[in-house]
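Reader: Could you walk me through how to read a predicted fold, from overall shape down to ring pairs?

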Amino acid sequence: MSDKDITLTAGDAEVSVRPGNGGRIGGLRIGGAELLRQGDRYGCFPMVPWCGRIREGRFRDGATVRRMPLNAPPHAIHGTARDAAWRTARVTDTEAVITCELTDPWPYPGRVTQVVALTGDALTLTMSVEAYDDSFPAQIGWHPWFRRDLGGGDVRLDFAPAWQEERGDDHLPTGHRVDPEPGPWDDCFGMPDGVDVTLTWPGQLELAVTSPEKWVVVYDEQAEAVCVEPQTGPPDGLNTHPRLVTPLEPLEATTTWSWRRL
């Protein structure tokens with residue numbers, strides 16, 4: 001099938017899926033209010049086969065050192081699938097299934113599948129990575145850009161992480177865990193019982209970002225948007241917390257955004 005934009009609707013919720021632009025969620029409208037920052041680089045894009053930065057673009061697979069293009073010098077950032085054209089496998093009024101082939105510069109052939117499922121009060125994103133031949137390390141995550149202000153005041157973030165990954169001057173975790181510090185943040189947090197972050201737009205909407213995964217990156221240093229990014233490991237995780245994908249065992253992750261009117 002094609003890579004044309006897809007619109008899903010349920011109740012007063014509407015989601016735009018953009019397979020041709022990195023498999024991203026282009027928009028989420030609830031009662032006519034757009035929650036995601038608009039633009040080709042924004043919305044909510046999948047981070048796969050890694051999340052955040054890889055130190056100097058290098059990661060080790062056994063005795064082999066692999067090198068990725070430095071798209072955020074001196075590091076490689078956010079995977080390759082956000083720059084690829086995905087294809088639509090199946091669509092209904094409330095669900096879309098899209099796929100992306102893992103190809104050069106990623107050295108291992110495989111496939112990513114993302115399922116986008118909408119109800120009247122929740123959006124669930126499920127992503128899986130499968131290996132065709134060789135096993136390889138991988139990560140899965142999502143990078144949404146939520147608008148700070150829907151017209152009623154600045155969004156408030158509420159979450160209770162168990163720890164914060166100490167961030168070095170190179171924006172990568174040092175390997176030490178510290179007590180959570182006040183923002184602003186461009187930081188990774190650990191939530192061992194699963195990601196659970198609530199965004200509240202005063203007087204308008206409350207939205208919970210949840211996931212069974214244990215890491216979330218929060219970025220709120222921008223005037224236009226805040227990012228709450230559930231992922232299967234911390235930045236540079238291909239080196240520090242690799243998750244192995246094998247031909248018999250894909251890597252899968254899911255996140256749900258559920259909302260209620262205030």
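Reader: Which secondary structure elements does the protein chain have?

Author: Helices (H or I, at least four residues) and strands (E, at least two) are DSSP runs, numbered from the N terminus. Here you get 26 strands and one helix.

Reader: What does the radius of gyration say about the protein chain?

Author: It's taken over C-alpha atoms, and the globule rule is 2.2 Å times the number of residues to the power 0.38. For 262 residues a compact globule would come out near 18 Å, and the protein chain has 18 Å, so the two agree. The C-alpha atoms fill a box of roughly 55 × 45 × 30 Å along the principal axes.

Reader: How much of the protein chain is buried?

Author: Buried means under 20% relative accessible area (1.4 Å probe, protein chains only), with exposed over 50% and partly exposed in between. Buried residues account for 52% of the 262.

Reader: And what share of the contacts is between residues 24 or more positions apart?

Author: A contact means heavy atoms within 4.5 Å. Of the contacts with a separation of 6 or more, 62% join residues 24 or more positions apart.

Reader: How many aromatic pairs are there?

Author: Rings of Phe, Tyr and Trp (its six-membered ring) pair if their centres lie within 6.5 Å; planes under 30 degrees apart are stacked, over 60 edge-to-face, the rest tilted. That rule gives twelve aromatic pairs. Take Phe-159 and Trp-185: their centres sit 5.4 Å apart with planes at 80°, so this pair is edge-to-face. Phe-159 lies in the loop between strand E17 (156-158) and strand E18 (163-167), while Trp-185 is in the loop between strand E19 (173-178) and strand E20 (186-190), 26 residues apart.

Reader: Which residues do ring pairs link into a cluster?

Author: That cluster consists of Trp-50, Phe-59, Trp-106, Tyr-108 and Phe-136.

Key
Residues are numbered from 1 along each chain as its sequence is written. This is a predicted model: local features need pLDDT of at least 70, side-chain atom pairs count only at pLDDT 80 or more; totals for chains, interfaces and linings use all residues. Side-chain values use heavy atoms; hydrogens and water are left out.
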